[in-house]
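Work through the exercises below with the sequence and the model side by side. Each task is followed by a solution that goes step by step.

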Amino acid sequence: MGEVDPAFIQAVEHRPKLAIIEAEGIPLIDLSVLSSHESSYPSSTEPLVAEIGEACKNWGFFQVINHGVPLEKREKLELASREFFAQSTEEKSKVKRDEVNVQGYYDTERTKNVRDWKEVFDLTVKDPTVIPASHEPDDKELRKLVNRWPEYPSELREAFEEYAKAMEKLSYKLLELISLSLGLPEDRLGGFFDDHTSFIRLNHYPPCPIPHLALGVGRHKDGGALTILAQDDVGGLEVKRKIDREWIHVKPTPNAYIINVGDIIQVWSNERYESVEHRVMVNSTKERFSMPFFFNPDHNVMVEPLKELTTAQNPAKYKAYNWGKFMANRKRSNFKKLDVENIQIYHFRIKLDESS
Ligand code: OGA
Ligand code: NI
């Protein structure tokens, strides 16, 4: 690559520091108690629930080990992903997304209007997945998103379907633990996910000649409920630490998953838990692969602070919004470069000072 497209260049204040500072990292949480048969559920999970609550409150991020997801399932999909991205652009473009069906391959994503140094392949967990046809509030038409399966590698489909099932299972477990940590019944949130709109993104970050000027993914928060990320051993994910707003490197831990709370949990919990900014650094020599699973509710769900978590002293900080319309809005702006800012949850924030 000769000249680099200026669309990739980050503003000075958002450029990464290439020297990694070793600092206290995100919490590492052992989930083995969930799969141990001797333990007396639920009292044996109390310390775990407390740990998860602290991690969600203080970091919005944590890693899990002994999570019960078989390593072979992850490795199978990681291999298929490598094989898929190793093909020519022409081959990959056969499963390119378009404006109507936004699932598929693309290499043109922007985060806050700066291009990301990556290529991605998006696949929904439920195939088809139903979402609103447009972001227009009064348009009731629905649309089915269907997955585009590449010809090569032929194992990708099966590898994806097996891995997606394992991710679903883990995400329901985590959702129960998070509910308990908020003082709610463990099944309080599960009902929002009956026809969930979750998807998995296969990410490929090629080596980059200007790692000090560009990012693999610019700073952002995840818009859904929960994210379960598998990153390889290269490293590059950075999380904004809440206590001092420093960017903290997330050191790869073999066979661990990185979990983060998305915007929806921020709203449900009325900001007891916050969705935290993160970004991805690239490097000049190594390519990097990652696979986030975005756990998202049914498109019909109206997202608002849970009644049990609001009081007269702590009134709801958000107006209700429809998840499907929110998502349709995001997908649209991801496809086209729009002049307006991406939709954000703060657009639904209630200005409490004025209303009291
Ligand atoms: C994302 C994301 C992190 C990574 O795709 O939303 O934050 O390590 N990815 O790829
Ligand atoms: Ni993210």
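This is a predicted model: local features need pLDDT of at least 70, side-chain atom pairs count only at pLDDT 80 or more; totals for chains, interfaces and linings use all residues.

Residues are numbered from 1 along each chain as its sequence is written, chains are lettered from A and ligands numbered from 1 in the order in which they are written, and side-chain values use heavy atoms, with hydrogens and water left out.

**Exercise 1.** Find which residues surround ligand 1, and which elements give two or more residues to its shell.

*Solution.* Begin with the residues that have a heavy atom within 4 Å of the ligand, the cut-off for being near: N203, Y205, H220, D222, L229, H278, V280, R288, S290, P292 and F294 surround ligand 1. Next, look for polar contacts, that is, pairs of N or O atoms within 3.5 Å (within protein, one must be able to donate a hydrogen and the other to accept it, and residues adjacent in sequence count only if both atoms are side-chain atoms). An oxygen atom of ligand 1 lies 2.6 Å from a polar side-chain atom of Y205, an oxygen atom is 3.0 Å from a side-chain N or O atom of H278, and one is 2.6 Å from such an atom of S290. Then turn to the elements: β9 (199-205), β15 (278-280) and β16 (288-295) each give two or more residues to the shell, and β16 gives the most, with four. Strands here are DSSP runs of E, at least two residues long, and helices are runs of H or I, at least four residues long, numbered from the N terminus.

**Exercise 2.** Identify which residues coordinate the nickel ion (ligand 2), and how they are spaced in sequence.

*Solution.* Take as donors the N, O and S atoms within 2.8 Å of the metal (3.2 Å for Na, K and Ca); water is not among the atoms, so sites may look incomplete. The nickel ion is coordinated by H220 (NE2), D222 (OD) and H278 (NE2), at 2.1 to 2.2 Å, and the donor residues follow the spacing H-x1-D-x55-H.
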